[in-house]
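Trainee: I have a model open and want to learn how to read it. Can we go feature by feature?

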Amino acid sequence: MSSRLSDEHISRAFRRAVATTGLIHADDTAILFYDLSFLEQRVRDLQSLFPPNTLHAIAIKANPLAKVLERVCQWGAGAEAASLPEIHLALNAGFPPKKIVFDSPVKTRAEIEFALNLGIHINADSLEELDRIAAALNGAKPKGTVGVRINPQVGTGKILSTSVAGDYSKFGVPIHAYRQELIERFLRFDWLSGVHIHIGSQGCEPALLLRGIERMVEFVDQTHHAFNQRGIPRRIQLIDIGGGLPASYARDARPMDMRTYQKEIAHRFPQLFSGDIRLITEFGRYIHANAGWLASRVEYVKRDPGIHTAAIHVGADMFLRECYHPDDWPHEVTVLDHAGNAKAGLDENPYMIAGPLCFAGDLLAREIRLSKVQPGDYIIIHDAGAYTLSMWSRYNSRQTPKVIGYYQDGERFEVLKERESIQDILDFWA
Ligand SMILES: Cc1ncc(COP(=O)(O)O)c(C=O)c1O
């Protein structure tokens with residue numbers, strides 16, 4: 001399977017969307033598209049690579065659209081929830097509690113009790129949280145399972161703000177200082193059966209992710225050794241390797257694919273594939289990013305000497321990281337005409353792609369070369385399927401765009417979410 005959707009594919013799907021009566025309205029100034037066939041293939045590939053009892057808890061934060069979650073659930077995957085509302089999104093989409101992994105870094109007592117009562121798998125983020133879970137259980141056995149997140153302290157990747165396994169991290173229990181205390185908790189809490197890591201999102205080389213797994217496996221061996229020494233016949237049963245496999249955001253970028261990553265894991269840690277333990281994965285970006293692309297109508301083109309500015313209908317409201325840290329989060333940007341056809345040639349001047357928000361940094365691309373852009377054309381932001389709509393900002397109170405899913409190059413379309421209405425905005429601020 002290719003790592004990204006090609007320009008030709010996007011042009012073909014967009015041409016078909018524009019030609020479909022009643023699908024796109026005049027006020028749909030921007031539309032987020034999802035290739036659901038591509039998305040399904042990503043999930044199915046993941047499932048085929050790992051042992052059948054693996055729980056693939058796809059990170060909801062990457063793409064919380066209810067209709068997409070319903071599909072992900074129907075395809076047999078699970079859901080990773082980073083908050084109580086994300087648990088509710090998962091339950092509403094049909095995920096059974098035992099396929100939900102609750103990873104919020106700040107769980108209240110009430111949230112812990114809610115998850116325990118339903119039998120949702122909880123990963124405690126700290127020793128303190130683990131003790132709260134113990135208090136909530138009060139001697140009873142949990143209906144579901146419980147793990148603890150360790151920070152394997154293997155270092156940071158290229159993007160500091162999404163790297164979470166440095167010496168200091170606000171997540172997890174740092175392994176160097178707390179190894180012994182962690183082992184003691186495993187000895188004391190006979191319901192504690194899982195270990196969890198997550199190294200970072202994008203920008204972390206697979207070698208760093210693998211080093212994290214190595215530290216976790218080392219810790220599991222040490223805990224088993226402690227069990228053996230005390231004659232305790234228990235084993236750690238759940239190993240949660242988190243997410244973090246980078247997605248490709250550029251036509252010449254070829255990050256490691258899931259198949260190669262799985263092979264590396266299986267080669268270096270065959271014990272994880274022996275059937276004795278159950279694996280959990282929490283991929284988000286790799287699953288969703290390349291399945292989505294955004295099309296925004298160009299409203300104006302300002303032609304200043306030496307530089308042109310194409311003003312479009314999304315900016316930092318949907319592409320928060322991209323506008324604030326453009327060097328870390330570049331997207332490919334291309335242009336189609338009003339009917340979806342690729343435009344030929346290159347304009348002599350470079351373009352700024354400007355969003356609609358009231359601040360100077362609301363630029364989605366800076367000084368890029370494009371064909372001559374006209375009002376009414378569409379700017380395509382590629383690989384927009386993960387951490388985009390889910391990071392929507394309310395600044396300037398713009399409406400979230402319509403979301404359209406499609407199958408097989410646009411043979412069939414389905415509205416996944418309507419554009420937000422003015423009433424929705426009034427309700428938000430009421
Ligand atoms: C605990 C946890 N698991 C999984 C993920 C998903 O990471 P990615 O989307 O990079 O696969 C994240 C993302 O931040 C996370 O914090």
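This is a predicted model: local features need pLDDT of at least 70, side-chain atom pairs count only at pLDDT 80 or more; totals for chains, interfaces and linings use all residues.

Trainee: How many residues surround the ligand, and which are the closest?

Mentor: The ligand is surrounded by 15 residues. The closest are Ser 201, Gly 243, Glu 282, Gly 284 and Arg 285.

Trainee: Now the domains. Into which domains is the protein divided?

Mentor: Domain 1 covers 7–34 + 290–429, and domain 2 covers 104–281. Note that domain 1 is written as two segments. The C-alpha centres of the two domains lie 37 Å apart. Seven residues from domain 1 and six residues from domain 2 make the contact. On the domain 1 side, the touching residues are two nonpolar, two polar and three charged.

Trainee: Next, strands. What should I look for in a strand pair?

Mentor: Look at direction, then at the bridge partners. In a regular strand, side chains alternate between the two faces of the sheet. Take strand 10 (residues 278–281), which runs parallel to strand 2 (residues 55–59) and is joined to it by two bridges. Strand 9 (residues 238–240) also pairs with strand 10 in the parallel sense, over three bridges.

Trainee: Which residue of strand 10 is the bridge partner of Leu 55?

Mentor: Ile 280 is the partner of Leu 55. Ile 280 is also the bridge partner of Asp 240.

Trainee: What unit do strand 9, helix 9 and strand 10 make?

Mentor: They make a right-handed β-α-β unit, with helix 9 spanning residues 258–268.

Trainee: Let me zoom in on strand 9. Is Leu 238 buried or exposed?

Mentor: Count neighbours. Leu 238, in strand 9, is buried because it has 20 C-beta neighbours inside 10 Å, and 20 or more is the cut-off. Setting aside residues up to four places away in sequence, Leu 238 touches Thr 145, Gly 147, Ser 193, Gly 194, Ile 277, Arg 278 and Ile 280. Sequence separation is a separate matter. Leu 238 and Ala 226 are twelve residues apart along the chain, and their C-alpha atoms are separated by 17 Å.

Trainee: Which residue of strand 11 stands opposite Ile 31?

Mentor: Ala 295 stands opposite Ile 31. In strand 17, Ala 295 has Ile 380 as its bridge partner.

Trainee: What about loops? Where does Asp 383 lie?

Mentor: Asp 383 lies in the loop between strand 17 and strand 18. Asp 383 is buried, because 25 other C-beta atoms lie within 10 Å. Beyond four places in sequence, Asp 383 touches Arg 4, Ala 247, Tyr 249, Ala 289, Asn 290, His 331 and Glu 332. Asp 383 and Tyr 34 are 349 residues apart in sequence, yet their C-alpha atoms are 9.9 Å apart in space.

Trainee: Take another loop. Is Pro 142 buried or exposed?

Mentor: Pro 142 sits in the loop between helix 6 (127–137) and strand 6 (146–151). Pro 142 is buried, with 20 other C-beta atoms within 10 Å. Neighbours within four places aside, Pro 142 is in contact with Leu 116, Leu 137 and Trp 191. The C-alpha atoms of Pro 142 and His 25 are separated by 51 Å, and the two residues are 117 apart along the chain.

Trainee: What is the phi of Gln 408?

Mentor: Phi of Gln 408 is near 45°, again positive in a residue other than glycine. Gln 408 lies in the loop between strand 18 (402–407) and strand 19 (412–417). Gln 408 counts as exposed, with 11 C-beta neighbours inside 10 Å.

Conventions
Residues are numbered from 1 along each chain as its sequence is written. Two strands pair if DSSP finds at least two bridges between them. Helices (H or I, at least four residues) and strands (E, at least two) are DSSP runs, numbered from the N terminus. A crossover is right-handed if, with the strands pointing away from the viewer, the path from the first strand over the helix to the second runs clockwise. A residue is near a molecule or strand if its C-beta atom, placed from the backbone, lies within 6 Å of it. A residue is buried if 20 or more other C-beta atoms lie within 10 Å of its own, exposed if 12 or fewer, and partly exposed in between; C-beta atoms are placed from the backbone. Two residues are in contact if their C-beta atoms, placed from the backbone, lie within 7 Å. Domain bounds come from an automatic or database domain assignment. Ala, Val, Leu, Ile, Met, Phe, Trp, Tyr, Cys and Pro count as nonpolar, Asp, Glu, Lys and Arg as charged, and the others, Gly among them, as polar.
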